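This briefing is written for a reader who is meeting the structure for the first time. Please keep the sequence and the model in view while reading the points below.

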Amino acid sequence: MAVIEGWLPPTRAHYDLVLRAWQFAFPPWLVRWYGMGKTSVASRFNIPGRVAWMTMEAPGFLTLLYLMNTMPAAHGVDDLPWQNRVLGGLFVIHYSYRAIMYPLLQPSMAPIHGLVWAAALCFQLLNATCLGAWLSAYGPVTADAWAAQSPLPQFALGMALFYVGLAGNFFHDEELREIRRRAAAKQQRRQQQQQGNNKQRTNGGGSGSSSSSKTAAAANINGKDAAAAANHYYEIPQAGLFRYMLYPHYFCEWAEWLGFLVAAGWTCAPAWAFLVNEVVSMLPRAVNGRRWYVERFGADKVGKRWAIIPGVL
């Protein structure tokens, strides 16, 4: 049963139309605003971080699974070649992590603006429709077609690159999570210390100038704590490729989808469109993110780290 007749699953004509639109998506170079993560803003249109993340990311791999389970039979394909299943599996592995594990592992998540949520959801649906239809019916669906599309050594090389990128993505995400965990632990210790100081002042009693001076000192300390708390979730990461760039998790994700493209074959238009759209959507965020780090921590602390491509940007 079709979700949207003629579109999901797509007919060949509609697939070609959606793929053309996906290939010419507008890159957000001119927009510095990005209402999520460390650049989240207060807005009535915000959605709680974990809820937004799951609901904007999960439709991608769910759509691909739906297409790969419904389209082959409708197009006379009795059994998809193993390459189609492996590539579909790589997509599901990545987005099972991104859509489910990632938000659950995060110590905290800032709200996500509704416009960012909607754009990400469109990204997922367009991408999954194009890749899913290609893997299910409109790409190679026989062993001979795959031998011409991507010989086994090329397919194996692409898979290896994908898994290296996936491991790097998880490693650098975990480094960012560890920063959050350390910040949360420091904040908890600070609160416990403050509570202890308040108890001492209460138990010690006293009045007049002595009590006033203690209150003033406490206010001064709290003021310093409040200033320090402004940076309590963020510091400049140091592990792995963070020594050379500020967004290695983006770089590693590009490596994943480059590996996917290599395995799928150089003529796989949906894989090309996916990789290009990943780059044009994430590169501006990395460049603007480096500017954010410089504004927050200073050029000296950021040092010679590049945004995402050492020696280029």
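## Starting point and overview

Valine 3 lies in the segment before helix 1 (12–23), where helices (H or I, at least four residues) and strands (E, at least two) are DSSP runs, numbered from the N terminus. The model is predicted, and local features need pLDDT of at least 70, side-chain atom pairs count only at pLDDT 80 or more, while totals for chains, interfaces and linings use all residues. Residues are numbered from 1 along each chain as its sequence is written, and side-chain values use heavy atoms, with hydrogens and water left out.

**The chain as a whole**

- The chain contains 10 helices and 2 strands, and from the N terminus on its elements follow the order α-β-α-α-β-α-α-α-α-α-α-α.
- Of the 313 residues in the chain, 41% are buried, a term that means under 20% relative accessible area, with exposed over 50% and partly exposed in between (1.4 Å probe, protein chains only).
- The accessible surface of the chain comes to about 16,200 Å², and carbon and sulfur atoms account for 63% of it; such areas come from the Shrake-Rupley method with a 1.4 Å probe, and for residues only the protein chains shown count as cover.
- Among contacts (heavy atoms within 4.5 Å) between residues at least 6 apart in sequence, 85% join residues at least 24 apart.

**The surface around valine 3**

- Valine 3 has a relative accessible area of 54% and is therefore exposed.
- Together, Val3, Ile4, Trp7 and Leu17 form a nonpolar patch on the surface, with about 370 Å² of accessible area; patches are made of residues with over 30% relative accessible area and no salt bridge, like charges being joined within 9 Å and nonpolar side chains (Val, Leu, Ile, Met, Phe, Trp, Tyr) within 5 Å.

- Serine 96 belongs to helix 3 (residues 82–105), and it is partly exposed because its relative accessible area is 24%.
- Leaving aside residues up to four places away in sequence, serine 96 touches Phe61 and Met101, and its C-alpha atom is separated by 9.8 Å from that of methionine 54, which is 42 residues apart from it along the chain.
- Threonine 129 is located in helix 4 (residues 114–138) and counts as buried because its relative accessibility is 10%.
- With residues up to four places away in sequence again not counted, threonine 129 touches Trp7, Leu8, Pro10, Val18, Thr63 and Leu67.

**Segments annotated in UniProt**

- An unreviewed UniProt entry gives the annotation "transmembrane region" to residues 112–135 and 155–172; UniProt positions are given in the numbering used here, feature names are shortened, and annotations may be inferred rather than shown by experiment.
- Residues 112–135 are 92% helix and 8% strand, with end C-alpha atoms 32 Å apart, whereas residues 155–172 are 100% helix and 0% strand, with end C-alpha atoms 26 Å apart.

**Salt bridges**

- The structure holds 7 salt bridges, each being a side-chain nitrogen of Lys or Arg within 4 Å of a carboxyl oxygen of Asp or Glu.
- One of them joins the side chains of aspartate 173 and arginine 98 (2.9 Å, N to O); this pair links distant parts of the chain, with aspartate 173 in helix 6 (residues 152–204) and arginine 98 in helix 3, 75 residues apart, and both residues are buried.
- Arginine 177 and glutamate 174 also meet in a salt bridge (2.9 Å, N to O), and because they are 3 residues apart in helix 6, about one helical turn separates them.
- Arginine 177 counts as buried at 0% relative accessibility, whereas glutamate 174 is partly exposed, with a relative accessible area of 25%.
- Glutamate 174 forms a salt bridge with arginine 181 as well, the closest N and O atoms being 2.7 Å apart, and salt bridges that share partners join Glu174, Arg177, Glu178 and Arg181 into one network.

- Helix 8 (residues 248–264) has 17 residues and reaches 24 Å from its first C-alpha to its last, close to the 24 Å expected at 1.5 Å a residue; the expected span is 1.5 Å times one less than the number of residues.
- Helix 8 is mostly covered, with 15 of its 17 residues buried, and just after this helix glycine 265 takes a positive phi of about 105°.
- The 29 residues of helix 9 (residues 269–297) should span 42 Å at 1.5 Å a residue, which agrees with end C-alpha atoms that are 41 Å apart.
- Glycine 298 follows helix 9 and has a positive phi, near 95°.
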